Amino acid sequence: PHRPEQWLGAGPGDRPRQPLHALRGHWRRRLQEQQWRRQLERQEHGPDSPNVRALAIDPATPSTLYAGTNGGIFKSNDGGGSWSVMNGGLTSLEVAALVIDPATPSTLYAATFSYAGTFGFGVFKSSNGGSSWSAINTGLTGGFVLALAIDPATPSTLYAGSSYGGVFKSSNGGSGWSAVNHGLTSGEGILQVGDHSGGFSA
């Protein structure tokens with residue numbers, strides 16, 4: 001049997017009345033558009049609402065960006081228009097800091113930690129633009145690494161700020177580290193190393 005058409009809308013000043021089935025179709029399309037948008041965001045921009053803790057820009061190609069997040073490292077080759085996951089070799093996905101070698105921008109360093117207290121955190125190095133990572137933790141004994149800095153004049157010199165071991169220095173691109181804490185009254189919670197002029201002090 002024919003069902004009477006239902007309308008929504010009433011009195012003076014209201015918007016024109018519309019058939020109820022038309023409104024249902026409108027909102028169904030709106031919901032579908034939102035679902036498509038969320039799917040595209042996941043595909044193009046990484047995980048939903050990542051906690052971005054670090055950003056690094058390729059000095060030779062500024063449209064190339066790296067983001068350190070609670071889901072690992074993401075890379076964009078189009079100024080942030082789209083992102084790809086670059087976690088090969090990382091054994092911790094909690095990234096606290098990223099630095100790029102200014103002389104060789106395909107070389108990057110990442111500082112990681114772990115909320116769960118599991119092993120596998122520390123400093124990682126990539127020599128191929130983030131495609132793969134290797135741990136470089138020889139001599140690092142200060143727990144989580146929360147900060148990194150690279151000497152712009154001598155990029156093989158790196159500094160790492162740790163959660164309870166103070167500051168560590170590497171003079172060979174991360175192959176080995178040693179503590180440089182003379183004058184520091186506390187080695188806990190080092191969040192930044194370096195200064196605004198690009199120099200470093202311990």
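Ala149 stands opposite Tyr159 in strand S12, where strands are DSSP runs (E, at least two residues) numbered from the N terminus. The two residues belong to a predicted model, in which local features need pLDDT of at least 70 and side-chain atom pairs count only at pLDDT 80 or more, while totals for chains, interfaces and linings use all residues. Residues are numbered from 1 along each chain as its sequence is written, and side-chain values use heavy atoms, with hydrogens and water left out.

Strand S11 pairs with S12 (residues 158–162) in the antiparallel sense, over five bridges; two strands are taken to pair if DSSP finds at least two bridges between them. Five of the six residues of S11 are buried, so this strand is largely enclosed by the rest of the structure. Buried here means under 20% relative accessible area, exposed means over 50%, and partly exposed lies in between (1.4 Å probe, protein chains only).

An open sheet is formed by four strands in the order S3-S4-S5-S6, with antiparallel pairing. S3 and S6 (84–85) stand at the edges with a single partner strand each, so one side of each has no neighbour in the sheet. In general, strands of a sheet pair through backbone hydrogen bonds, either parallel or antiparallel. Five bridges connect S3 with S4 (residues 65–69), and Leu55 has Ala67 in S4 as its bridge partner. S4 and S5 are likewise antiparallel and are joined by five bridges, with Tyr66 opposite Lys75 in S5. Two residues separate S4 and S5, which form a hairpin. S5 (residues 72–76) is mostly covered, five of its five residues being buried. Between S5 and S6 there are two bridges, again antiparallel; Phe74 has Val85 in S6 as its bridge partner.

A search of the whole structure found one salt bridge, defined as a side-chain nitrogen of Lys or Arg within 4 Å of a carboxyl oxygen of Asp or Glu. This salt bridge is formed by the side chains of Glu94 and Arg53, at 2.9 Å from N to O. Glu94 lies in strand S7 (residues 94–100) and Arg53 in S3 (residues 52–57), so the pair ties together parts that are 41 residues apart in sequence. Glu94 is buried, at 17% relative accessibility, whereas Arg53 is partly exposed at 25%.

One aromatic pair was counted. Rings of Phe, Tyr and Trp (its six-membered ring) are paired if their centres lie within 6.5 Å; planes under 30 degrees apart count as stacked, over 60 as edge-to-face and the rest as tilted. Phe113 and Phe144 form this pair, which is tilted, with 6.0 Å centre to centre and 50 degrees between the planes. Phe113 is in strand S8 (residues 108–113) and Phe144 is in the loop between strand S10 (134–135) and S11 (145–150), so that the pair links distant parts of the chain, 31 residues apart. Phe113 is buried, with 7% relative accessibility, and Phe144 is partly exposed, with a relative accessible area of 25%.

Ser170 is placed in strand S13 (residues 167–170) and is buried, at 0% relative accessibility. A polar contact of 2.8 Å joins its side chain to that of Asn172; the term denotes a pair of N or O atoms within 3.5 Å, where within protein one must be able to donate a hydrogen and the other to accept it, and residues adjacent in sequence count only if both atoms are side-chain atoms. Leaving aside neighbours within four places in sequence, Ser170 is in contact (heavy atoms within 4.5 Å) with Ser156, Thr157, Leu158, Ser175, Gly176 and Trp177.
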